[in-house]
Amino acid sequence: MEQKRIEGLWDCVFCETKMIRARYEACPNCGKPRGIDTLFYLPDDIMAATLTGEETKKTTNEPDWLCEYCDHYNRSDEPVCIKCGAPRDRGGETYGTIHHLTGKEF
Ligand SMILES: [Zn+2]
Ligand SMILES: [Zn+2]
């Protein structure tokens, strides 16, 4: 059985743009990145938000990771920090990871 994934929505707290899709890490209106404590919610139209198989492959259950150089949170599948370009895993060290709701884990 293929597992369906629903793409959540979030609201920008800076410009109050609503229902931004989870794939956007920054507000498409004002460009501010969403905070790590951003709350996601499900859209009214679940069917429309259900990801296709191809899109599901791009999503991940892995926690984001924190860049130790610039404190930017990156998706688990980003090998380098998308903000400053620092490598995720330097010399075999495991960098801190974060779970959206439980805070830092080291
Ligand atoms: Zn905004
Ligand atoms: Zn960085």
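Guide: Helices (H or I, at least four residues) and strands (E, at least two) are DSSP runs, numbered from the N terminus. On that basis the protein chain has two helices and six strands, and from the N terminus on they follow the order β-β-α-α-β-β-β-β. Please keep in mind that this is a predicted model, in which local features need pLDDT of at least 70, side-chain atom pairs count only at pLDDT 80 or more, and totals for chains, interfaces and linings use all residues. Residues are numbered from 1 along each chain as its sequence is written, chains are lettered from A and ligands numbered from 1 in the order in which they are written, and side-chain values use heavy atoms, with hydrogens and water left out.

Now to the site itself. The SG atoms of Cys 12, Cys 15, Cys 27 and Cys 30 coordinate the zinc ion (ligand 1) at 2.3 Å. Donors here are N, O and S atoms within 2.8 Å of the metal (3.2 Å for Na, K and Ca); water is not among the atoms, so sites may look incomplete. Along the sequence, the spacing of the donor residues is C-x2-C-x11-C-x2-C. Cys 15 sits in the loop between β1 (9-10) and β2 (20-21), and Cys 27 in the loop between β2 and α1 (46-49), so this pair ties together parts that are twelve residues apart in sequence.

Cys 27, at 3%, counts as buried, while Cys 15, at 26%, is partly exposed.

Asn 29 belongs to the loop between β2 and α1, and its 55% relative accessibility makes it exposed. Contact means heavy atoms within 4.5 Å; leaving aside neighbours within four places in sequence, Asn 29 is in contact with Cys 15 and Thr 17. With Thr 17 there is a side-chain to side-chain polar contact of 3.3 Å, that is, a pair of N or O atoms within 3.5 Å; within protein, one must be able to donate a hydrogen and the other to accept it, and residues adjacent in sequence count only if both atoms are side-chain atoms. Asn 29 and Phe 14 are 15 residues apart in sequence, with their C-alpha atoms 9.7 Å apart. Over the face of Phe 14 lies Lys 32, at 5.2 Å from the ring centre; the rule asks for NZ of Lys or CZ of Arg within 6 Å of the ring centre and within 35 degrees of the ring normal.

Glu 7 is in the segment before β1 and is buried, at 6% relative accessibility. Its side chain makes a polar contact of 2.9 Å with that of Arg 21 and another of 2.9 Å with that of Arg 23.

Across the 106 residues of the protein chain, 26% are buried.

Notes. Buried means under 20% relative accessible area, exposed over 50%, partly exposed in between (1.4 Å probe, protein chains only).
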